[in-house]
Every structure is written in C-alpha cells, then in structure tokens.
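The entries follow the order in which I looked things up.

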Amino acid sequence: EHTAILRFACVLRRMAVCSGHFLSPGWRLLNLAALLLPRRVQPCLQLQRCASSVGGRDDEVSKAQQADRARRSDRAQPTTIFSKIIDRTIPADIIYEDKKCLAFWDVNPQAPLHFLVIPKTPIPRISEVTEDDTELLGHLLVTASQLAKKEGLEEGYRLVINDGKHGAQSVYHLHIHVIGGRQMGWPPG
C-alpha cells in the first residue's frame, strides 16, 4: 500500500539531492508525507549526503532569531511544537518513550539517521538548567546513547544541543539531536 508513495518520495528526494533544490514546497510536503510511512519502508528516503536542508543554514538562523524574539515578547512560557508532540496533539514518528523523555525522528534530517531526545518536563534552554535537573540530563544522555546503539550507529554519531539565538535554537524546549550514519565534518558550523 505504501509502494507508490515510497517510489514517488524516493524519486523526488533523489532529484532534490542531485539538483540541490531544497527550497521547493514539494520538498517540505515530502518531509511531512514521510511521517505517514512506517520507518521500515523509508530506507531510500534517508539521505546519504545532507549537508544542506530545507532553506539551509541561514534559514535555521532566521528561525532561531524569530523564536528568540517571540520568547522575549511573551512573558508566559509559550507552548512549543515539542509540547504538542508530548501531548499527542500533533503527530511524530516516536521511537522511544518513558516517564521522563520522548525520542522521535527529526522531520528535517541532517544525516541518514537523525532523531531528537526531549525531556517531558519543559526546560527552555540548556543554559537554564539547575542542579535539580542533573538526574534528568543524565537520563537524556543515556537514552540517546542506547537509541544510537539500537539504530546501528556503531561507527559513531554526533550529539548536538543548540542554546539560544547565537546557538541557533529554534524551539525553546531542550532537545538533543542525535545525528549519524555518515562522516561528520569539523568544525561543526
């Protein structure tokens, strides 16, 4: 049943990767459509080379700046997309859940394997954690490590936590990016 969608998605992604056209609306729709497919039928949707993404690096910086402005203008803690994923008001391809955290595939992957690990307790930024968060932060890292092993990232992977406007944080809910399946470059951005 997913065969036609999968073939179409594979063709579009390959065309986008080969031509460098990551800005088209169809590319964004394809990323959203990929959420509808079970993970096991998505192998050719994984990008072997993901140096660029929808909108590229400047788009992520722009999103981070907008999020920072919105956060500063709203005195109350705004509801984030991650809060909506936790309470299931928007869908996500969830790969792990326990009482303290949730992990799901990134809809805008930067590598063949790219998922996020988030705490269920909303912490806006890593720079705002306290000693009371020590156990939770350790749990997030252990969970990230265990899931990376489960996903076959034996050759290594990168953990990324963006913090604030200059760190290009676009969602003010602490999250750990687990990125792997290809050789990472250095320095990272």
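**Basis.** I worked from a predicted model, in which local features need pLDDT of at least 70, side-chain atom pairs count only at pLDDT 80 or more, and totals for chains, interfaces and linings use all residues. Residues are numbered from 1 along each chain as its sequence is written, and side-chain values use heavy atoms, with hydrogens and water left out.

**Entry 1: salt bridges.** I searched the whole structure for salt bridges and found four. I counted a salt bridge where a side-chain nitrogen of Lys or Arg lies within 4 Å of a carboxyl oxygen of Asp or Glu.

I looked up Glu97 and found a salt bridge to Arg88, with the closest N and O atoms 2.5 Å apart. For exposure I took buried as under 20% relative accessible area, exposed as over 50% and partly exposed as in between, with a 1.4 Å probe and protein chains only. Arg88 is partly exposed at 45%, and Glu97 is partly exposed at 36%.

Glu97 also forms a salt bridge with Lys120, where the closest N and O atoms are 2.7 Å apart. This pair links distant parts of the chain, since Glu97 is in strand β1 (residues 94-97) and Lys120 is in the loop between β3 (113-119) and α5 (134-150), 23 residues apart. I took helices (H or I, at least four residues) and strands (E, at least two) as DSSP runs, numbered from the N terminus. Lys120 is partly exposed, with a relative accessible area of 26%.

I next noted a salt bridge between the side chains of Arg125 and Asp163, at 2.9 Å from N to O. It too links distant parts of the chain: Arg125 is in the loop between β3 and α5, and Asp163 is in the loop between β4 (157-160) and β5 (176-180), 38 residues apart. Arg125 counts as buried at 18% relative accessibility, whereas Asp163 counts as partly exposed at 22%. I recorded one network, in which salt bridges that share partners join Arg88, Glu97 and Lys120.

**Entry 2: aromatic pairs.** A search of the whole structure gave two aromatic pairs. Rings of Phe, Tyr and Trp (its six-membered ring) pair if their centres lie within 6.5 Å; planes under 30 degrees apart count as stacked, over 60 as edge-to-face and the rest as tilted.

Phe82 and Phe104 form an edge-to-face pair, 5.6 Å centre to centre with 65° between the planes. Phe82 lies in helix α4 (residues 81-86) and Phe104 in strand β2 (residues 101-105), so the pair ties together parts 22 residues apart in sequence.

Trp105 is in strand β2 and Phe115 in strand β3, 10 residues apart. Trp105 and Phe115 are buried.

**Entry 3: strand β5.** I found five of the five residues of β5 buried. Ile176, Val178 and Gly180 point one way, and His177 and Ile179 the other way. In a regular strand the side chains alternate between the two faces of the sheet.

I then looked up the partners of β5, where two strands pair if DSSP finds at least two bridges between them. β3 and β5 pair in the antiparallel sense over five bridges, and Val117 stands opposite Ile176. β4 and β5 run antiparallel and are joined by four bridges, with Val178 as the bridge partner of Leu159.
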